[in-house]
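Dear colleague,

Please find the structure below, handed over for your reading.

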Amino acid sequence: MRRLITFFALLCAFAAHAQSPALTDDVLGHLAKHPQVRAEFTQSRENPALAEPQLSHGDLIFVIGHGMVWHTRDPFEDTLVFTSGDTSRLNAQGKLERVRDGNRGVSQVSGMLQSLLAGKSDDAARQFTISADGTPEHWTLHFVPRQARVAKVLAGITLKGDAFLQSIEVNLASGERTLITFANTRDAGSLTPVESTVLGIP
Amino acid sequence: MKSLSTTQRAGLFAFASLVVCLLCAWLLFGRGTSPLQTDVLTLLPATERHPLAEDAVERLARASGDRMVLLVHHKDDDAAKDAARELGAALAADPVFASVIAELPPFDLDQLVTPFLPFRFHLLTPEDRAALTTSGFDPVDALKRRLNQPFGANVGAKLTDDPFGWMQHWLDRQPWNRSALVPEDDMLTAHRDDGSYVLVIATLKGSSYDDVVQRQALATLERAETAMVARHPGTALLRTGAIFYAASARAGAEHDTHVVGIASTVGIALLLLLVFRSLRPLLIAFVSTALGVIGAIATTVLVFGQLHLLTLVFGAALLGEAVDYSIQYLCARANAGADWHAERGVRQVRPALLLALATSLLGYSLLAVVPFPFLRQMAVFAIAGMAIACASVFWLLPALAQKPARAPLSPSLVRLALGWQRIASGRRALLGVAVLCVVAVPGWLRLGHDDDIHLLISPPKALEAQTATIREVAGFGGGSQFWLVEGANAEEVLQREEALTDRLQTWVADGKLGGWTGISAMLPSAHRQAANIAALEPLFTPRERMSEWLGQAGFRAEGSAGFVAAYPGRAFTIDDWLAMPAYTPFRYLWMSGGKHGVGSIVVPQGQDDADLLRTASDGLPGVSLVDKPASITALFGRYRGYADVWLGGALALVGLAFVWRYGLRSAWRVLLPPAAGIVLSVAALGYLGEPLTLFHVMALMLVLGVGANYAVFLREGEPHVAHLPGAAYAGVLLSAVTALLSFGLLALSTMPALRHFGLTLLLGIGFTALLAPVSVPAPKNRTA
């Protein structure tokens with residue numbers, strides 16, 4: 001499952017080797033213009049074992065080269081900080097605690113997204129067949145696993161967006177579906193002292 | 001023997017020699033497997049108090065034993081993978097490899113999940129157990145948090161099998177999920193800034209130390225590598241594995257044997273030709289020496305069952321000492337001129353030779369006392385070789401040297417010898433020695449010491465660098481430090497290991513340790529599994545409550561029923577662990593069924609400060625840090641300390657022998673050259689900035705043995721050549737130069753221990769030979 005987690009890590013992959021390289025490159029170029037982004041998120045998870053979708057809301061800040069703060073406000077209060085390769089939780093006392101059992105892939109998501117925006121998109125292309133459609137103003141990227149072993153578990157990932165990323169959809173072969181939608185996405189402006197501290201920005 | 005004639009005795013000796021030669025040939029070549037040992041590990045002394053610890057050292061060293069671990073690197077990912085695929089195919093085509101893994105066999109991810117289902121409630125991470133036992137644990141909240149993790153977390157076990165994520169947490173800690181390598185295109189790969197690395201593992205059909213296997217496998221690898229690089233320029237191949245270390249050690253030793261053996265043989269031959277100006281003495285000297293060496297090989301193989309290549313290197317150097325006996329005899333022959341009588345010649349040199357042999361054997365037998373296989377083998381080799389070479393002088397050589405010499409010793413050598421003898425004897429010389437000894441004091445004061453294991457094992461830097469890169473990229477390869485956990489039974493061992501690893505876990509959290517590999521991360525003790533169940537028990541009593549919670553968190557009733565019904569499952573046992581294929585690569589961590597009891601190994605990662613590591617096991621029963629390099633270093637240091645005492649003792653013994661032979665008043669003169677030789681060579685080492693090692697001190701013992709010979713040869717030889725001033729000393733010089741030619745060449749050895757040995761002998765024998773004239777009164781009838 002470790003490798004699967006890694007593939008999740010690639011789910012924000014705006015790769016260069018896509019079928020429509022021009023569009024993909026455009027999308028990538030546009031996204032990279034926003035090195036610090038804030039957004040509200042809504043995550044919905046559907047699983048055949050669950051009676052109804054699980055919904056969570058919160059806000060996030062993403063800073064290229066540093067990481068992401070994922071702040072869930074509802075249905076519980078929780079702040080996770082993803083820096084390259086590490087997941088930490090901001091506890092009630094305002095201190096960072098490393099999360100050992102956190103989903104390592106998630107912390108890699110943020111790292112991968114950063115490396116992608118820095119122009120290193122090969123990793124995603126190795127794992128996925130990427131197809132793009134739409135226009136740079138309104139685009140969709142599809143990621144389908146290239147390897148059969150992975151495809152048995154992961155059906156595909158779809159990203160949608162305009163100037164910013166609007167949604168991420170992860171479909172598992174088991175029928176589980178996770179949809180994250182972003183709203184009110186904007187350039188972050190200045191960071192709060194806490195944000196700077198937890199992301200290690202001097 | 002007295003009743004036998006010279007020829008009869010020689011005939012018997014020749015017959016015996018022939019038998020020994022045949023025996024030696026059979027031992028070396030006639031038994032299918034070669035007794036030639038190249039594994040350096042077999043030379044290391046047992047350092048651990050417990051045999052289980054030695055077992056453990058062995059296991060760890062062999063964990064990657066008969067495998068080549070290869071990483072193919074290319075900056076382009078596709079090229080790296082294609083190259084690795086081709087390399088794998090090329091290697092697999094050779095039957096010397098039992099198996100080659102480049103492309104992974106098809107397997108189902110489920111195989112790493114499903115087998116754990118029956119045990120899942122017994123296997124909890126420490127964090128989960130702690131969370132479950134803290135008051136205020138809210139199951140519904142825990143479920144909610146898991147279900148709403150960002151990006152989704154439910155990979156691996158099905159959500160209904162593992163709603164809380166306990167099993168996934170557990171599986172995440174298993175070793176295969178901690179590797180830095182990720183399967184891609186069915187190959188294990190790692191990506192770094194400088195490109196892609198692809199893993200290829202080739203398992204040998206046979207031992208890494210088996211000569212035939214080693215050569216064939218390396219040749220095939222080299223061909224495959226060449227072909228791979230030709231097709232994909234820019235590909236680099238990183239390698240590690242015992243086979244490469246063994247091959248480099250073998251190449252080093254073979255190089256040494258050739259250099260020392262050939263160079264000293266040629267050098268000695270030229271020298272003898274020059275001095276005796278005839279071919280016969282040369283042949284005689286070589287027959288005697290060759291018999292010594294052959295006998296030594298046979299004896300060593302008989303005693304140890306094997307012959308280490310390094311012993312052979314040392315043996316090649318021993319030529320120079322074994323040839324001394326025949327040189328003395330041949331000098332006597334050359335000096336006697338037409339008056340030569342072979343048997344009388346033997347009688348003439350016998351006392352000197354026996355005394356010299358006795359002192360040499362004394363020196364070597366002290367080496368044999370050290371419980372150190374390498375030194376022991378050298379000592380046995382030397383003792384047998386010396387004794388046989390000496391015996392051949394008494395019993396074989398007279399028959400070969402019946403006729404008087406055709407030419408006397410080279411006059412220029414004799415003149416040279418006499419010239420120096422005049423300078424280096426008498427009161428003036430004693431004064432000189434005294435001055436030299438004073439000059440030596442600062443050298444002694446500058447002397448440091450070095451007991452590092454690298455004296456014995458010094459693999460090439462390139463190989464070390466590749467091994468380090470592979471360890472870094474792939475996370476493979478254990479160090480030589482580890483904790484040994486012992487106990488009366490499996491359960492006790494596991495519990496004791498947990499006491500250790502719990503402590504290590506806090507170290508990891510504090511950043512004092514990168515991580516550790518141990519069985520307790522895969523198989524908790526029964527006690528701990530019971531604690532896991534105890535932590536879960538309240539949640540499942542009554543079971544209906546758990547079903548309720550799952551429903552509150554959003555699960556359908558039919559989805560959660562299976563999970564609740566599966567509780568508590570069964571405990572994970574050592575047999576289950578052994579039966580699980582995924583754990584096969586880690587079996588070396590567990591020791592049972594051996595004759596030394598039950599135990600386990602815990603290997604630290606990312607920390608090699610032995611003192612710090614040792615504190616982790618402080619106060620834990622049955623747990624100790626085993627640090628083979630440090631143990632060897634400590635052992636070297638300890639023996640270096642003992643060796644000083646032995647050296648003193650040997651000096652005293654040799655002194656006693658001299659007192660017995662020469663009387664109290666003269667003995668000190670005979671002892672002076674070797675003693676001063678030792679003092680001066682130690683000082684020279686100090687001035688050269690060479691730290692003193694065990695091997696220097698061992699070499700000093702030989703300096704004593706060999707150096708005493710020279711004083712004896714001179715002292716005993718002088719009366720017989722009164723008509724030829726300088727001739728006796730010329731013989732000594734000849735012996736010394738042959739010794740320098742052979743032992744001195746050890747200073748060129750690739751192995752630091754032998755290099756130190758050689759350098760010390762070079763200095764010691766040099767000084768002693770130059771100082772030897774003080775052992776006799778100054779030559780009379782001075783002309784100058």
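Helices (H or I, at least four residues) and strands (E, at least two) are DSSP runs, numbered from the N terminus. With that numbering, B:Arg277 belongs to the loop between helix 8 (242-276) and helix 9 (279-304) of chain B. Its phi is near 50°, a positive value in a residue other than glycine. B:Arg277 has a relative accessible area of 41% and is therefore partly exposed; buried means under 20% relative accessible area, exposed over 50%, and partly exposed in between (1.4 Å probe, protein chains only).

This is a predicted model, in which local features need pLDDT of at least 70 and side-chain atom pairs count only at pLDDT 80 or more, while totals for chains, interfaces and linings use all residues; side-chain values use heavy atoms, with hydrogens and water left out. Residues are numbered from 1 along each chain as its sequence is written, and chains are lettered from A and ligands numbered from 1 in the order in which they are written.

The two chains

Chain A has 6 helices and 11 strands, and 54% of its 202 residues count as buried. Chain B has 27 helices and 13 strands, and 55% of its 784 residues count as buried. For contacts (heavy atoms within 4.5 Å), the sequence separation was also computed. In chain A, residues 24 or more positions apart account for 49% of the contacts with a separation of 6 or more. In chain B, 82% of the contacts between residues at least 6 apart in sequence join residues at least 24 apart.

Aromatic rings in chain B

Rings of Phe, Tyr and Trp (its six-membered ring) pair if their centres lie within 6.5 Å; planes under 30 degrees apart count as stacked, over 60 as edge-to-face and the rest as tilted. By this rule there are 17 aromatic pairs over all chains. One of them joins B:Phe121 and B:Phe563, whose ring centres are 5.3 Å apart and whose planes stand at 50°, so the pair is tilted. These two residues come from distant parts of the chain, 442 residues apart: B:Phe121 is in the loop between strand 3 (97-101) and helix 4 (126-133) of chain B, and B:Phe563 is in helix 20 (residues 557-566) of chain B. B:Phe121 is buried at a relative accessible area of 1%, and B:Phe563 is buried at 2%. Ring pairs also join B:Phe121 and B:Phe563 with B:Phe164, B:Trp166, B:Phe540 and B:Tyr567 into a cluster.

Two arginines of chain B lie over ring faces. A charge sits over a ring if NZ of Lys or CZ of Arg is within 6 Å of the ring centre and within 35 degrees of the ring normal. B:Arg350 lies over the face of B:Phe394, 5.5 Å from the ring centre, and B:Arg715 over that of B:Tyr662, at 5.3 Å.

Two packed helices

Which angle do helix 14 and helix 26 of chain B make where they pack? Helix 14 (residues 411-423) and helix 26 (residues 727-746) of chain B pack at about 100°, with their axes 8 Å apart. Axes are lines fitted to C-alpha atoms, for helices over the stretch in contact, and angles run from 0 to 180 degrees between N-to-C directions. Angles under 35 degrees count as roughly parallel, over 145 as roughly antiparallel, 65 to 115 as roughly perpendicular and the rest as oblique, so helix 14 and helix 26 of chain B are roughly perpendicular to each other. From helix 14 of chain B, B:Leu413, B:Val414, B:Ala417, B:Trp420 and B:Gln421 meet B:Ala727, B:Tyr729, B:Ala730 and B:Leu733 of helix 26 of chain B.

Further positions

B:Lys628 is in helix 23 (residues 628-662) of chain B and is buried at 8% relative accessibility.

B:Ala384, in helix 12 (residues 373-395) of chain B, is buried with a relative accessible area of 10%. Leaving aside residues up to four places away in sequence, B:Ala384 touches B:Gly295, B:Ala296 and B:Thr299.

Two cis peptide bonds may be noted: one from A:Asp74 to A:Pro75, with omega near 10°, and one joining B:Thr541 and B:Pro542, with omega about -10°.

With kind regards
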